[in-house]
Amino acid sequence: TLTLSRRERGKRNLTIPPNKGGKKMENFEFYLPTKINFGPGVVEKVGEEAKPLGKRAFVVTGRKSARKMGFLERVEKSLKKQGVTPIFFEKVEPNPSIQTAQEGANLAKEKKCDLIIGLGGGSPLDVAKAISLLLTNPSPLSQYFGKNKVKFPTLPLIAIPTTAGTGSEVTPYAVITDIENTSHQKRIIADSHLFPNKALVDPELTLSLPFSITSDTGIDVLSHAVESYTSNRSYPLSEMIALRSVKLLSKYLPYVIDNPRDIEGRSKVLYASMLAGIAIAQTGTTLVHAMGYRLTSDLNLPHGRANGLLLPWVWELDLPGNFEKFANLTKSLGGNVKGLTVKEAGWKGIEVIKEFLFRVGLPKLNLSKVKEETIVEFAKEVMQNKAKLANNPRQVSLKDIIEVYKKALWGT
């Protein structure tokens, strides 16, 4: 360590970098074209933000909660105040289908909408992205599954999340269920055209979330942050963002579970969700998400809950791929690593994350009736997900994935 005074530093020409021997800086690219407006009450600005983008806004949301909680009324009032006409599409289901997105696109086209607003959790935001795509690109939507297949810029899009979970308001991803496939596969469209133009991130909209959704979506945030941080595509800036998300969650998600009406706690958890979304927008996710999709589509587990079941076991599997990163995660989750080696701290993290997941409400599920042939089928499909396997910090085999599924589902 160099301990030169300011005067000495000015006099001497230091030719040896202070961090010589440390990790070499690598080239990276960071792209986030979304304008973010964060804070309590920013939903009231939707009309002001929409006015420069269009005159007829197609508002995409779920079937009940947004209207029941009065969110649609607030959006409508703000839009009309600025002379923007809202047309509401309140038909988005959990794990939304291609058909729902196409129905929305047909209606938006019929109503001559020139702007899309997504209001809700991950499902409405993803459908809003799909609709904005279909209004400027030819159908069917299925041809865009994969990476960088969108040919033309999408219709302007404003994203307003009402859960602290997916981070979809700042990502270039849309997850859509292919119900024509026998396994009802979740399919991903990944394209920079899908970044929303603007995101209004208002913690007031999360105050009324029930315990189960707060827990499931919060666990999804943790999964995003952990996977981004350990991804092979990570770099110093994305790692800093992901690790900050983990630190915020470790402190504030348990607090919000106990104090659901606390606006400051809700703000910190929503901020963590947004940060994790920014992180995965740069790095993508890894094995946890690849394995979790079939647990949602086939076993009807909420997305975050499926990820939570898998997280400790994927941590255990991936740990030898980067002990240092998992040690950092252990510390960020609140684990006491004093006196431990890097390897010991990484291993300790498995128990730390289990305790954290229990603390924030991950239920104990009896999934022992899931048959071994079903697990093998799931695992074989995961092995086809080359992008997520390439992102994973450790190379894995079919046998590895089967074993993780068994530990997560059977408790063995």
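Colleague: Where does L32 sit?
Modeller: L32 is found in the loop between α1 (6–11) and β1. Bear in mind that this is a predicted model.

Colleague: And which residues is L32 in contact with, leaving aside its neighbours within four places in sequence?
Modeller: Those contacts are V170, F195 and I278.

Colleague: Is L32 buried, partly exposed or exposed?
Modeller: Its relative accessible area is 24%, so L32 counts as partly exposed.

Colleague: How far is L32 from W313?
Modeller: Their C-alpha atoms are separated by 32 Å, and the two residues are 281 apart along the chain.

Colleague: Let's move to the sheet. What is the strand order?
Modeller: The order is β1-β9-β6-β4-β2-β3, an open sheet of six strands with parallel pairing. At the edges stand β1 (35–38) and β3 (85–92); each has a single partner strand, so one side of each lacks a neighbour in the sheet.

Colleague: How much are neighbouring strands turned against each other?
Modeller: On average by 20 degrees, with direction ignored.

Colleague: Tell me about β1 and β9. How many bridges do they pair over?
Modeller: β1 pairs with β9 (residues 198–201) over four bridges, in the parallel sense. In that pairing K35 stands opposite K198 of β9, and N37 stands opposite L200 of β9.

Colleague: What about β9 on its β6 side, how many bridges there?
Modeller: β6 and β9 pair over two bridges, again in the parallel sense. K198 of β9 is the bridge partner of I158.

Colleague: Which way do the β9 residues point?
Modeller: K198 and L200 point one way from β9, while A199 and V201 point the other way. In general, side chains of a regular strand alternate between the two faces of the sheet.

Colleague: Are those four buried or exposed?
Modeller: K198, A199, L200 and V201 are all buried.

Colleague: Which strands does α4 lie across?
Modeller: Helix α4 (residues 71–81) lies across β2 (56–62), β3, β4 (115–120) and β6 (157–161). Its direction is at about 155 degrees to β3.

Colleague: And α9, which strands does that one lie across?
Modeller: Helix α9 (residues 263–283) lies across β1 and β9, running at about 170 degrees to β1.

Colleague: Switching to α7, what is its reach from end to end?
Modeller: Helix α7 (residues 211–230) reaches 29 Å from its first C-alpha to its last. That is close to the 28 Å expected for its 20 residues at 1.5 Å a residue.

Colleague: How many of its residues are buried?
Modeller: In α7, 17 of the 20 residues are buried, so the helix is largely enclosed by the rest of the structure.

Colleague: How does α7 pack with α10?
Modeller: α7 and helix α10 (residues 287–299) pack at an angle of about 140 degrees, and their axes are 9 Å apart. That angle makes α7 oblique to α10.

Colleague: Which residues make the contact?
Modeller: From α7 they are D220, S223, H224 and E227, and from α10 they are L287, V288 and H289. The contact residues divide into two nonpolar, three polar and two charged.

Colleague: How does the span of α6 look?
Modeller: The 13 residues of α6 should span 18 Å at 1.5 Å a residue, and the end C-alpha atoms are 18 Å apart, which agrees. α6 is also mostly covered, with 13 of its 13 residues buried.

Colleague: What is phi at N148?
Modeller: Phi of N148 is near 55 degrees, a positive value in a residue other than glycine. N148 has its place in the loop between β5 and β6. At 53% relative accessibility, N148 counts as exposed.

Colleague: And what about N300, what is phi there?
Modeller: N300 has a positive phi of about 60 degrees, although N300 is not a glycine. N300 lies in the loop between α10 and α11 (303–318), and at 65% relative accessibility N300 counts as exposed.

Methods
Residues are numbered from 1 along each chain as its sequence is written. This is a predicted model: local features need pLDDT of at least 70, side-chain atom pairs count only at pLDDT 80 or more; totals for chains, interfaces and linings use all residues. Side-chain values use heavy atoms; hydrogens and water are left out. Two strands pair if DSSP finds at least two bridges between them. Axes are lines fitted to C-alpha atoms, for helices over the stretch in contact, and angles run from 0 to 180 degrees between N-to-C directions. Contact means heavy atoms within 4.5 Å. The expected span of a helix is 1.5 Å times one less than its number of residues. Buried means under 20% relative accessible area, exposed over 50%, partly exposed in between (1.4 Å probe, protein chains only). Angles under 35 degrees count as roughly parallel, over 145 as roughly antiparallel, 65 to 115 as roughly perpendicular and the rest as oblique. Ala, Val, Leu, Ile, Met, Phe, Trp, Tyr, Cys and Pro count as nonpolar, Asp, Glu, Lys and Arg as charged, and the others, Gly among them, as polar.
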